[in-house]
Structure formats: structure tokens, C-alpha cells
Amino acid sequence: MAESIPPLEFRKVSRRYRSGSSPAVADVDLAVAPGEILALIGGSGSGKTTLLRLAAGLESPDGGEVRLDGVLVAGGGIARELPPEQRQVGLVFQEGALFPHLTAAANVAYGLRGRQRAAVRERVEECLALVALPGYGDRYPHELSGGERQRIALARALAPAPRLLLLDEPFSHLDPALRWRLREEIRDILAGLGQTALLVTHDPEDVFAMAERVAILEQGALRQVGPVLSVYRNPVSRYCAESLGPANRVLDPAGGKERWRRPEDFRLPADGSPQAAGEARVEAVRETGARIELRLAPDAGAGDEPWHVHWPDTAGRPVPSPGDRISVAWRA
Ligand code: ADP
Ligand code: MG
């Protein structure tokens with residue numbers, strides 16, 4: 001069977017904004033599979049937006065190749081890069097990217113210029129319905145809520161049926177309750193369309209809600225790529241661990257090799273977990289709405305920094321108090 005051709009592929013792509021400075025993106029190899037939502041996560045300044053702009057044609061690589069559906073569009077010594085408007089790539093930005101002087105319908109129609117009027121009208125209606133805003137076509141951006149503006153921005157990006165959708169922190173300006181709803185909604189829309197997408201974010205919740213795979217970018221370099229849960233459970237470094245949430249540094253008693261354990265991986269040895277990972281002193285106990293959290297000081301040899309763990313509600317034992325000593329195991 002033929003390998004499926006990735007809608008987007010970076011091959012050893014680098015981009016340096018100023019000579020002498022360190023590259024914003026360095027030697028990135030990454031392919032987005034057909035129909036997949038791949039999340040690209042990393043701290044501020046790690047090169048996420050630069051990589052997105054390289055895919056869109058808004059930046060040129062200094063080295064390497066950018067390919068769309070297997071076709072070289074930039075780098076690799078081609079004479080003329082494929083310009084952004086010919087890449088069939090849709091873009092959704094953080095915020096404020098709608099044209100303020102155009103109605104929602106005219107915004108959505110923007111990428112359909114050159115098509116017949118009736119066809120445009122029909123496609124606009126279709127896309128407004130897709131994002132659950134039928135009847136909102138006459139509104140101007142200032143007459144829409146933040147979440148509605150982002151859904152119109154999505155409708156605009158999807159209207160020309162792009163081969164690839166690029167989303168740059170699309171939820172970062174929305175309040176938490178709205179983010180929860182909108183990311184689920186957008187995930188369902190994209191899944192329903194089988195839309196290939198690259199989602200840039202610094203929020204692990206976006207990754208868990210939206211993506212099948214995650215790629216972690218640090219100082220312009222890809223550090224780890226894989227299925228979301230396997231990267232979450234087996235991060236290769238502190239940076240990769242913490243990109244997806246809180247993590248505890250646990251040292252192997254023999255040799256001191258470091259591992260990363262999540263707060264919810266905490267177990268009491270009697271829980272049936274095989275081996276105790278060590279002893280610790282309880283430093284603090286805090287009850288949040290959802291759970292009880294402990295801060296532990298591990299004994300020397302097990303760890304050299306505090307562990308933050310969730311008390312397992314299956315423990316069936318009284319919650320320890322500050323000052324108590326407990327044995328710690330970790331979910332295998
Ligand atoms: P992110 O989106 O992950 O925050 P960016 O891709 O925006 O990261 O930036 C990566 C690095 O490149 C940063 O150090 C940033 O300061 C630098 N950078 C981004 N855009 C430009 C530009 N137009 N000119 C010069 N430096 C830039
Ligand atoms: Mg950015």
C-alpha cells in the first residue's frame with residue numbers, strides 16, 4: 001500500500017531572522033498526516049508562530065524544505081516559492097483577525113473571491129451553519145462576542161475548503177468556560193470534515209481536547225513528537241513533561257536516573273502498585289473542589305525536589321497530615 005502523502009511536511013526546516021542570532025526554528029522535521037489534528041506546543045518564543053508562518057508562506061525558510069501534499073513549495077533550492085494565496089491553507093489567529101469594516105458574511109466570503117455570486121452566497125450560508133451561527137451574516141465583528149468572532153474566523157478559514165488549517169492560539173483570549181466549550185465544538189467540526197489541522201498553543205488543555213498527536217518545540221527545535229497520551233506519560237525531559245502539565249521528578253534508587261511522574265500517578269504501595277518508590281514527608285495538604293493535593297518532601301535518593309500529588313480517593317485511608325511520613329509508589 002502506498003504511504004499516505006502528508007498535507008504538510010517540514011524537512012530540516014530552519015529560519016533565522018537576523019544573521020548571528022540563534023535561529024527561531026532549527027532543523028525541524030515534522031509531517032502532518034491527512035485528517036489529523038496535530039498540536040504544536042512550546043513556551044513563548046519557542047518558534048511556534050514562525051513554523052506556522054513558514055507553512056502558510058508568510059515566511060521563507062533559510063534551509064530545508066516545506067512541502068504541501070508532497071509538492072515542494074519553499075526551500076530546497078526552488079526558483080519561486082508558492083505564494084500564500086496559492087497554498088490552499090486556511091489561517092485562524094488569536095484574536096481580532098476579522099476585517100472590522102466587513103460583515104460576518106463578507107468576512108467568510110473573503111477567501112471565495114472570484115467565484116460566482118450565487119455560489120459564494122451558498123457557501124457562506126453553509127459555513128455559517130457549520131459554525132452554528134446561521135443568521136449572523138449581517139453582523140459586524142464588534143457586534144459579536146469573542147467566541148462568536150473566533151467561530152466566524154474559523155468559517156472564513158474553512159470556506160475555500162483548504163487542504164490544511166493552521167490555528168495560532170485561537171482560544172488564548174477567551175475566558176476559561178468559553179474555551180472549554182469552543183475547543184470541543186471546533187474539534188467536532190474539524191473531525192466531522194476530516195480537516196487536517198496544525199494547532200499552535202501553549203495550553204495543554206487545548207492539546208488534550210483537540211489533538212491526536214503533539215509536537216513539542218523548545219528554542220526552535222522539536223524535542224518530542226508522538227500521540228498525546230504517550231508523550232504525557234513518557235516525556236523525554238523536564239521541558240517536555242511540563243509542557244503538558246505538572247510533573248514530579250522521581251529518581252531511580254539504583255543509579256539515580258530521572259523519571260517524570262504525574263500528580264495523579266501517585267499511589268500508596270498497598271494499593272496493589274508493585275514497588276514503593278520511596279518514603280516522603282508530607283509538607284502540606286490542600287483540598288481543592290475536585291481533589292486533595294499533597295506536597296511531599298521525598299527522602300534523599302528518591303527525589304531532590306518537592307512532589308505534588310493527588311491523594312487517590314480509592315486509598316480508603318485517612319488523609320495524612322503535615323509532618324506525617326508516608327510510603328510512595330507510582331502507577332506503573
Ligand atoms: P512563539 O510563537 O512560539 O511565541 P515566534 O515564532 O513568534 O515564537 O518567535 C520565535 C523567535 O523568533 C523569538 O525569539 C522571536 O523573538 C523571534 N522573532 C519572531 N518574529 C520575528 C521577526 N519578525 N523578526 C525578528 N525576530 C522575530
Ligand atoms: Mg506565537
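These are my notebook entries on one predicted protein model.

**Ground rules**

I number residues from 1 along each chain as its sequence is written, and I letter chains from A and number ligands from 1 in the order in which they are written. Since I'm working from a predicted model, local features need pLDDT of at least 70, side-chain atom pairs count only at pLDDT 80 or more, and totals for chains, interfaces and linings use all residues, while side-chain values use heavy atoms, with hydrogens and water left out.

**Entry 1: the overall picture**

I began with the whole protein. I get eight helices and 17 strands; helices (H or I, at least four residues) and strands (E, at least two) are DSSP runs, numbered from the N terminus. The C-alpha atoms fill a box of roughly 75 × 50 × 45 Å along the principal axes. Of the 332 residues, 47% count as buried. My cut-offs with a 1.4 Å probe, protein chains only: buried is under 20% relative accessible area, exposed is over 50%, and partly exposed is in between. I also looked at contacts (heavy atoms within 4.5 Å). Taking those between residues at least 6 apart in sequence, 63% join residues at least 24 apart.

**Entry 2: two domains**

Next I checked the domain assignment, which gives domain 1 (8–239) and domain 2 (254–330). Such bounds come from an automatic or database assignment. The two centres, taken over C-alpha atoms, are separated by 39 Å. Five residues of domain 1 are in contact with four of domain 2. The area buried between the domains is about 540 Å², and carbon and sulfur atoms give 43% of that. On the domain 1 side, Tyr232, Pro235 and Arg238 lose the most area to domain 2, together 80% of what that side buries. Buried area here is the accessible area (1.4 Å probe) that two parts lose on being put together, summed over both.

Ser14 sits in strand S1 (residues 8–15). Is Ser14 buried or exposed? Ser14 counts as buried, because its relative accessibility is 17%. Leaving out residues up to four places away in sequence, I find Ser14 touching Val25, Ala26, Asp27, Pro61, Asp62 and Gly63.

Then I went to helix H1. H1 is mostly covered, with seven of its nine residues buried. Among the buried ones I noted Lys48, Leu51 and Ala56. Gly57 follows H1 and has a positive phi, near 90°.

Leu58 is in the loop between H1 (48–56) and strand S4 (63–68). I put Leu58 down as partly exposed because its relative accessible area is 36%. Not counting residues up to four places away in sequence, Leu58 touches Arg53, Pro84 and Leu91. Leu58 and Ala26 are 32 residues apart along the chain, and their C-alpha atoms are separated by 17 Å.

**Entry 3: empty space**

Rolling a probe the size of a water molecule over the atoms shows where empty space is left. I worked on a 1 Å grid over the protein atoms alone: a cavity is a set of points where a 1.4 Å probe fits but cannot get out, a pocket is an open set with protein on both sides within 12 Å along at least five of seven lines, and lining residues have an atom within 4 Å of a point. Points are joined across faces, edges and corners, and a volume is the space filled by probe spheres set on them.

The largest pocket holds about 680 Å³. Its lining has 21 residues, with Glu85, Val89, Tyr110, Gly111 and Arg113 nearest the centre. Strand S6 (89–92) and helix H4 (146–158) each supply at least two residues of the lining, and S6 gives the most, with three. I sorted the pocket lining into 14 nonpolar, three polar and four charged residues. Here Ala, Val, Leu, Ile, Met, Phe, Trp, Tyr, Cys and Pro are nonpolar, Asp, Glu, Lys and Arg are charged, and the others, Gly among them, are polar.

How many cavities of 30 Å³ or more are there? I count one. The largest cavity has about 30 Å³ of space, and Arg151, Leu178, Arg181, Leu182 and Glu185 line it. Helix H5 (residues 176–193) supplies the largest share of that lining, four residues.

**Entry 4: positive phi**

Most residues other than glycine have a negative phi. Ala161, in the loop between H4 and strand S7 (164–168), has a positive phi of about 55°. Gln219, in the loop between strands S9 (213–218) and S10 (221–227), has a positive phi near 45°. Gln219 counts as exposed because its relative accessibility is 64%.
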